[in-house]
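Work through the exercises below with the sequence and the structure in view. Try each task before reading its solution.

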Amino acid sequence: MTGRVAEAVASDLDGLAVDSLNRTLQTNAEAMDGRLMVLDPDGKVQFDTFGTLCGRRLDLEEVLQVLTAGKVEAYGIYTPGRETVERMSGETGAEYLAYCAREIRIGERRLGVILFVSRIQGLMDSMNTVQWKLVTVFMIIVIVALVLALIISQVVTKPIMDLNRTMRKMGKGDLSARAMIRGSGEMRELAQTYNTMAAQLENLDKTRNQFVSNASHELKTPLATMKIMLETMMYQPDMPQELQREFMEDMNHEIDRLTGIITDLLTLTRTDAQAQELKKTSVDLSDLTEEIVRLLSPAAKKRGQTLTCEVEKGLTMLGDRDRLHQVFSNLTDNAIKYTPDGGKIHIALHLDGDDLVWRVRDNGVGIPPEDQDHVFERFYRVDKARSRETGGTGLGLSIVRQLVTLHGGTVTVQSDPGQGSEFIVRLPREGA
């Protein structure tokens with residue numbers, strides 16, 4: 001706006017049209033609500049809408065920048081004191097004023113400077129009011145943000161702290177400690193995953209303790225039996241030779257039992273630790289099944305049992321032949337042991353979709369329903385006295401399940417007491 005006033009008064013100033021110049025200055029000063037002055041190139045006031053500074057030199061920074069520094073326009077805001085503000089702008093009680101200097105030029109000639117003195121107290125008051133309002137709003141936002149941050153941090157960190165405390169309890173041996181599940185999203189999923197892991201660890205610890213207890217009991221029993229026999233022989237030197245021989249045979253039998261238990265324990269340990277790697281090859285299960293029937297037929301005939309098989313030819317899978325032989329021979333041997341003399345045992349192998357299904361069925365004593373879910377547990381026996389008589393360690397079916405699992409398969413049992421049992425092994429043809 002000062003530029004337009006400078007252009008408007010340039011021709012009047014150059015032509016010394018004083019009346020026209022004064023009217024132009026007065027009109028624009030009223031429109032701009034300020035004071036207009038025209039200064040010559042020496043900085044002296046030639047025209048003043050207030051009429052008080054004519055003929056005086058003004059050494060204002062803005063005027064000097066235009067006259068001596070070559071600037072076209074310069075402006076600044078000051079707080080020179082209320083007296084100066086009132087003298088320069090005519091506004092009483094004000095603290096702020098602004099100067100705006102603009103050169104007056106016609107062609108290449110500089111005629112002087114037009115100086116506008118602006119009353120900006122209202123503007124500054126409004127800006128200060130807005131500033132304080134902004135500061136207040138900012139402070140409110142900061143306070144609200146801090147409160148929300150504290151609340152959110154409590155919501156986020158409390159579950160983490162609870163989980164941390166639970167983990168410390170577990171680290172001290174309390175495997176029953178569980179994290180509280182609440183909220184949603186990742187924290188809920190983390191707590192659920194942790195509780196699942198804790199439950200598995202607790203179950204594993206219980207299983208281990210039970211396993212150690214059972215193993216200790218199974219090892220202690222034959223040792224105690226042998227100790228009694230040895231002490232009897234030691235303190236009865238005149239024991240008949242036939243009785244001594246019978247004791248020696250019994251101790252040899254107990255030693256065999258100990259050896260079998262230790263061998264089975266080592267097998268389970270290797271499979272538990274997944275240290276037993278499968279030597280995978282293409283295994284002809286049809287040929288393997290027929291081989292097992294040939295090997296165990298003499299044991300069945302010795303007890304007057306009938307061992308038959310029904311095998312589809314050419315059924316192969318990817319697996320470890322030795323381990324599969326151990327699975328099938330173990331199940332077949334169990335069927336022979338727990339089937340009465342003169343009983344029948346039938347083995348079958350067939351293809352079911354992408355799986356190979358191997359079955360062994362007998363007409364023996366069967367397994368009670370309450371025991372069927374436990375027969376694959378370590379050291380579990382349906383009839384402990386009968387199992388020890390037959391030389392069982394209580395680990396054979398556990399080994400079977402472990403080896404079948406390593407091949408990616410499943411083993412189940414179906415049985416009716418007094419009607420016999422059927423063990424079913426299902427294996428994927430492509431292996432685990």
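A residue counts as buried when its relative accessible area is under 20%, and as exposed when that area is over 50%. The model used here is predicted.

**Exercise 1.** Find which residues of helix H9 are buried.

Solution. Begin with the extent of the helix: H9 covers residues 321-337. Its 17 residues reach 24 Å from the first C-alpha to the last, close to the 24 Å expected at 1.5 Å a residue. Next, apply the cut-off of under 20%. The residues of H9 that pass are Leu324, Val327, Phe328, Ser329, Asn330, Leu331, Thr332, Asn334, Ala335 and Ile336. Finally, look at the start of H9, where a side-chain oxygen of Asp320 comes to within 3.1 Å of the backbone nitrogen of Asp322.

**Exercise 2.** In the largest nonpolar core, determine which residues touch the most other members.

Solution. The core has 36 residues, and those touching the most other members are Leu285, Phe328 and Leu331. Then list the elements that supply two or more residues: helices H8, H9 and H12, together with strands S7, S9, S10, S11 and S12. Take Phe328 as an example: beyond four places in sequence, Phe328 touches Leu285, Leu288, Ile292, Trp358, Val425 and Leu427. A second, separate core holds 19 residues, among them Val63, Val66, Val85 and Met88.

**Exercise 3.** Decide whether Leu307 is buried or exposed.

Solution. First place the residue: Leu307 belongs to strand S7, residues 306-311. Its relative accessible area is 14%, so Leu307 is buried. Then list its contacts, leaving aside neighbours within four places in sequence: Val293, Leu296, Ser297, Ala300, Ile345 and Ile347.

**Exercise 4.** Identify the side chain of opposite charge nearest to Asp362.

Solution. Asp362 sits in strand S10, residues 355-362. The nearest side chain of opposite charge is that of Arg361, 8.3 Å away. A salt bridge requires a distance within 4 Å, and Asp362, although buried, has none. A polar atom of the Asp362 side chain does lie 2.8 Å from the backbone nitrogen of Gly364. Not counting residues up to four places away in sequence, Asp362 touches Ala335, Thr339, Lys344, Ile345, Gln419, Gly420 and Ser421.

**Exercise 5.** State where Asp33 is found, and give its phi.

Solution. Asp33 is in the loop between helix H2 (18-32) and strand S1 (34-39). Its phi is positive, about 55 degrees, although Asp33 is not a glycine. With a relative accessible area of 44%, Asp33 is partly exposed.

Terms used:
Residues numbered from 1 in each chain as written. Predicted model: local features only at pLDDT ≥ 70, side-chain atom pairs only at ≥ 80, totals over all residues. Heavy atoms only, no water. Helix = DSSP H or I, 4+ residues; strand = E, 2+ residues; numbered from the N terminus. Buried < 20%, exposed > 50% of the residue type's maximum accessible area, 1.4 Å probe, protein only. Contact = heavy atoms within 4.5 Å. Lys, Arg positive; Asp, Glu negative; His and termini not counted. Polar contact = N/O pair within 3.5 Å; in protein donor to acceptor, adjacent residues only side chain to side chain. Core = buried A, V, L, I, M, F, W, Y, C linked by side-chain atoms within 4.5 Å. Expected span 1.5 Å × (residues − 1).
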